[in-house]
Amino acid sequence: MVLCILILCLGVIGNIMVPIVILKTKDMRNSTNIFLTNLSIADLLVLLVCTPTVLVEVNTPPETWVLGQEMCKAVPFVELTVAHASVLTILAISFERYYAICEPLKAGYVCTKARAILICITAWIVAALFTRHYSEWREIIRLNC
């Protein structure tokens with residue numbers, strides 16, 4: 001439990017520092033760092049939503065949920081949405097790196113900051129829609145709430 005709390009604290013500090021540094025340093029504001037900021041926000045959500053619930057689950061009797069009906073539905077949704085958003089963001093970084101390496105003349109036009117922000121927003125929307133569809137289809141929320 002101590003290790004989990006230590007990881008939580010260090011992870012929150014590290015993932016808060018990434019957007020702060022990128023937003024405060026003008027030279028750091030490029031499309032790749034926008035994607036990295038998006039990944040740090042996703043990691044921060046995992047740390048702030050999922051880790052405390054794991055700590056509560058470990059310290060309660062099996063098959064009981066003490067955090068209420070809303071958290072019972074929200075935690076699995078956030079976990080899967082963040083996972084989907086992270087994968088989609090890494091995919092976007094891969095495409096951006098492809099253009100930078102294989103199509104360097106096009107990269108300046110294709111890999112813009114505005115497009116990176118739009119892709120990040122789209123990734124979160126698509127991730128939420130995938131998660132909602134998946135949770136309805138597979139009924140993943142089967143906790144005793």
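This is a predicted model: local features need pLDDT of at least 70, side-chain atom pairs count only at pLDDT 80 or more; totals for chains, interfaces and linings use all residues.
Colleague: What pattern does the protein chain follow when it is read along the sequence?

Modeller: Read along the sequence, the protein chain follows the pattern α-α-α-α-α, and it has five helices and zero strands. Residues are numbered from 1 along each chain as its sequence is written, and side-chain values use heavy atoms, with hydrogens and water left out.

Colleague: How do you know what box the C-alpha atoms of the protein chain fill?

Modeller: Taken along the principal axes, the C-alpha atoms of the protein chain fill a box of roughly 60 × 35 × 20 Å. Of the contacts in the protein chain with a separation of 6 or more, 74% are between residues 24 or more positions apart, where contact means heavy atoms within 4.5 Å.

Colleague: Are H1 and H2 roughly parallel or roughly antiparallel to each other, and what makes them so?

Modeller: Helix H1 covers residues 2–24, and its axis crosses that of H2 at roughly 155 degrees, the two axes coming within 9 Å. The axes are lines fitted to C-alpha atoms, for helices over the stretch in contact, and the angle runs from 0 to 180 degrees between N-to-C directions. An angle over 145 degrees counts as roughly antiparallel (under 35 is roughly parallel, 65 to 115 roughly perpendicular, the rest oblique), and H1 and H2 are therefore roughly antiparallel to each other. On the H1 side the contact is made by residues including Cys4, Ile5, Leu8 and Val18, and on the H2 side by residues including Asn33, Leu36, Thr37 and Ser40.

Colleague: And how do you know how H2 runs relative to H3?

Modeller: The axes of H2 and H3, a helix of residues 69–102, come within 9 Å and cross at roughly 160 degrees. That angle makes H2 roughly antiparallel to H3. Among the residues of H2 that meet H3 are Phe35, Leu39, Ala42 and Val49, and those on the H3 side include Val75, Val82, Ser86 and Ile93.

Colleague: What class does Ala116 fall in by its relative accessible area?

Modeller: Ala116, found in helix H5 (residues 113–138), has a relative accessible area of 2%, and for this reason Ala116 counts as buried. With neighbours within four places in sequence left aside, Ala116 is in contact with Ser31, Ile34 and Phe35. Ala116 and Thr51, by C-alpha atoms, are 29 Å apart in space and 65 residues apart in sequence.

Colleague: What makes the class of Val18, and what is that class?

Modeller: Val18 lies in helix H1, and a relative accessible area of 29% places Val18 among the partly exposed residues. Not counting residues up to four places away in sequence, Val18 touches Leu36, Thr37 and Ser40.

Colleague: And how do you know the class of Leu67?

Modeller: Leu67 is found in the loop between H2 and H3, and its relative accessible area of 31% makes Leu67 partly exposed. Its contacts, neighbours within four places in sequence left aside, are with Thr53 and Val56. Leu67 and Thr53 are 14 residues apart in sequence and 8.1 Å apart in space, C-alpha to C-alpha.

Colleague: Why do Tyr98 and Tyr99 form an aromatic pair, and of which kind?

Modeller: Rings of Phe, Tyr and Trp (its six-membered ring) pair if their centres lie within 6.5 Å, and planes under 30 degrees apart count as stacked, over 60 as edge-to-face and the rest as tilted. By this rule the count comes to one aromatic pair. Tyr98 and Tyr99 form that pair, at 5.7 Å centre to centre and with 75 degrees between the planes, which is edge-to-face. Tyr98, at 42% relative accessibility, counts as partly exposed, and Tyr99, at 27%, counts as partly exposed too.

Key: Buried means under 20% relative accessible area, exposed over 50%, partly exposed in between (1.4 Å probe, protein chains only). Helices (H or I, at least four residues) and strands (E, at least two) are DSSP runs, numbered from the N terminus.
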